[in-house]
Amino acid sequence: MLSGRTAEITELEKSYASGRNTLTILYGRSNIGKTALIRHFVKNKPCFYYSAVQASDKEQTALLKKEMMRQGLISTYDVQENYAAVLKNAENIDNNVKLIIIEEFQNIIKNNKEFMSVIADMVKLQNEKFRVMIICTSSSISWIENNLVTAIGSNAMAITSFIKLKELSFVDTVRMFPGYSVPDSMIVYAVTGGVPGYMRQFTDAYSIKENICKNILTQGKLLYNEGSDFIKEELRETSLYNTILFCIANGEYKLNELHVHTGFGRDKISVYLKNLIEREIVDKIFSYDIGGKEYTRKGLYRIKSAYTEFWFRYIYGNESALSIMSPEEFFDEYIAGSLQEFAAETFIKVGTEFIELLDSMDKLEIKIDRRGRWWGKNGNIDMIACDKENHYIVAKFNWQTKMFTFEMFEELMYQVNLAGIGKDYIYLFSRETFDEELKAFAADNSNVRLVSLNDL
């Protein structure tokens with residue numbers, strides 16, 4: 001089974017065996033593994049596959065028919081034929097299920113609004129001799145979620161399912177790199193964000209440093225320019241977006257901080273941030289709504305796309321140095337000293353997902369009704385969860401040092417008091433271990449849970 005994609009493969013197989021015509025929209029950011037998933041699914045299944053390019057409508061039709069010919073579905077060539085005439089040849093697929101894959105289908109729709117009418121008619125068609133299964137893929141998350149229905153109108157009624165491919169989990173990462181320690185797998189996860197196309201550039205035959213030097217800091221490698229290339233794929237005016245992302249990656253999380261650094265107007269920055277949020281590159285994080293508001297910071301902006309944050313933090317502002325230094329020299333000077341700090345945010349994400357998993361399995365002390373983080377003016381609470389009866393779980397995640405100390409626990413309690421919330425259950429997560437004083441305290445207090453990275 002394709003790593004981490006069991007649910008998606010199962011859903012496609014159910015559609016294939018359903019006995020009815022189906023149209024599935026499969027989407028997710030670039031390098032997320034859509035083509036790998038399709039390749040796995042169509043293995044031993046006769047099908048027609050076409051990857052739409054950015055081209056004029058006439059050229060697109062010609063290329064589509066050319067691919068029909070290459071795959072043996074037609075024998076004559078007439079560039080004047082329209083999509084309906086060309087796609088009708090899919091009936092020649094040697095199987096009672098006519099499986100049609102159109103990748104990056106938005107490249108067709110943006111020039112030809114009738115294409116989806118053809119697809120919708122094929123799905124609506126009732127034929128006793130065969131069924132139709134069509135899968136259309138797209139790398140444009142924002143377009144699918146915000147513009148697709150407007151673009152295709154009533155033809156959207158023909159869509160039977162949407163499948164959104166997301167990043168792989170930390171557990172998947174551990175499985176993919178069996179030669180790494182769990183902490184090293186966390187570093188890989190922090191850098192790649194669980195994007196399969198990025199993870200495939202790494203190998204546990206090399207150390208973390210060697211992987212970053214060989215596959216990120218070396219010209220000609222996929223990840224060398226990927227940070228900027230990913231933004232170019234999604235957005236225009238990349239110089240302005242790059243400036244904003246550089247600021248956020250280097251700790252300027254508030255709108256006013258971005259305004260002061262860039263000199264851009266607040267309204268202008270807000271528009272750019274909205275576009276970044278729609279494309280799942282940036283998140284706006286609001287502090288948990290609780291009583292101690294005088295100690296609380298307002299909404300903050302953080303980069304959601306992990307590799308984008310890595311690239312803008314370490315490479316974007318240091319490209320001149322990277323050009324004249326060896327990858328190893330660059331790593332030692334610009335990355336090595338703060339790589340553990342960089343991974344700290346990912347540890348919070350993984351630990352929070354662990355608590356959510358316990359909740360979904362009814363193995364948590366409370367049933368979570370609300371969850372969030374608290375951003376204090378002098379410190380943070382990494383996770384707060386509350387049930388409908390106002391019973392609280394608070395959590396702290398320590399990654400930057402190997403040992404979680406009792407002093408760290410006391411600091412958490414200080415922030416909890418400032419926030420004005422309960423502390424019914426306390427979860428403490430450590431990269432490796434806990435000091436003896438904290439172990440003894442947890443042994444005497446049943447509401448305190450100690451969780452190490454290996455426990456995850």
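**Pocket, cavity and packing**

Q: By class, what does the lining of the largest pocket have?
A: The lining of the largest pocket has 18 nonpolar, 17 charged and six polar residues. Nonpolar here covers Ala, Val, Leu, Ile, Met, Phe, Trp, Tyr, Cys and Pro, charged covers Asp, Glu, Lys and Arg, and polar covers the others, Gly among them.

Q: What sort of model is this, and which values count?
A: This is a predicted model, in which local features need pLDDT of at least 70 and side-chain atom pairs count only at pLDDT 80 or more, whereas totals for chains, interfaces and linings use all residues. Residues are numbered from 1 along each chain as its sequence is written, and side-chain values use heavy atoms, with hydrogens and water left out.

Q: Back to the largest pocket: what is its volume?
A: The volume is about 1,400 Å³. On a 1 Å grid over the protein atoms alone, a pocket is an open set of points with protein on both sides within 12 Å along at least five of seven lines, a cavity is a set where a 1.4 Å probe fits but cannot get out, and lining residues have an atom within 4 Å of a point. Points are joined across faces, edges and corners, and a volume is the space filled by probe spheres set on them.

Q: Which lining residues are closest to the centre of the largest pocket?
A: Of the 41 residues that line it, the closest are Y189, K304, K349, V350 and E353.

Q: And which element gives the most to that lining?
A: Helix 20 does, with 11 residues. Among the other elements that give two or more residues are helix 10 (182-192), strand 7 (300-303) and helix 17 (306-314). Helices (H or I, at least four residues) and strands (E, at least two) are DSSP runs numbered from the N terminus.

Q: How many cavities of 30 Å³ or more does a search of the whole structure find?
A: The search finds one. The largest cavity has a volume of about 40 Å³, and R29, I141, K164, L165, K166, E167 and E280 line it. By class, that lining has five charged, two nonpolar and no polar residues.

Q: Changing topic, how many aromatic pairs does the structure hold?
A: It holds 25. Rings of Phe, Tyr and Trp (its six-membered ring) pair if their centres lie within 6.5 Å; planes under 30 degrees apart count as stacked, over 60 as edge-to-face and the rest as tilted.
A tilted example is F310 with Y314, at 5.0 Å centre to centre and 55° between the planes. Both residues lie in helix 17, four residues apart, about one turn of the helix.

Q: Are F310 and Y314 buried or exposed?
A: Both are buried; that term means under 20% relative accessible area, with exposed over 50% and partly exposed in between (1.4 Å probe, protein chains only).
Y427 and F429 form a stacked pair, at 6.4 Å centre to centre and 25° between the planes, and both are buried.

Q: Which residues do ring pairs link into a cluster?
A: The cluster holds F347, F354, F397, W399, Y427 and F429.

Q: What about helix 2: which of its residues are buried?
A: In helix 2 (residues 34-42), K34, A36, L37, I38, F41 and V42 are buried. These buried residues pack against helix 1 (6-16) and several strands, including strand 1 (22-27) and strand 4 (131-138). Just after helix 2, N44 takes a positive phi of about 70°.

Q: Finally, how many helices and strands are there in the protein?
A: There are 22 helices and 14 strands. Of the 456 residues, 53% count as buried.

Methods
Contact means heavy atoms within 4.5 Å.
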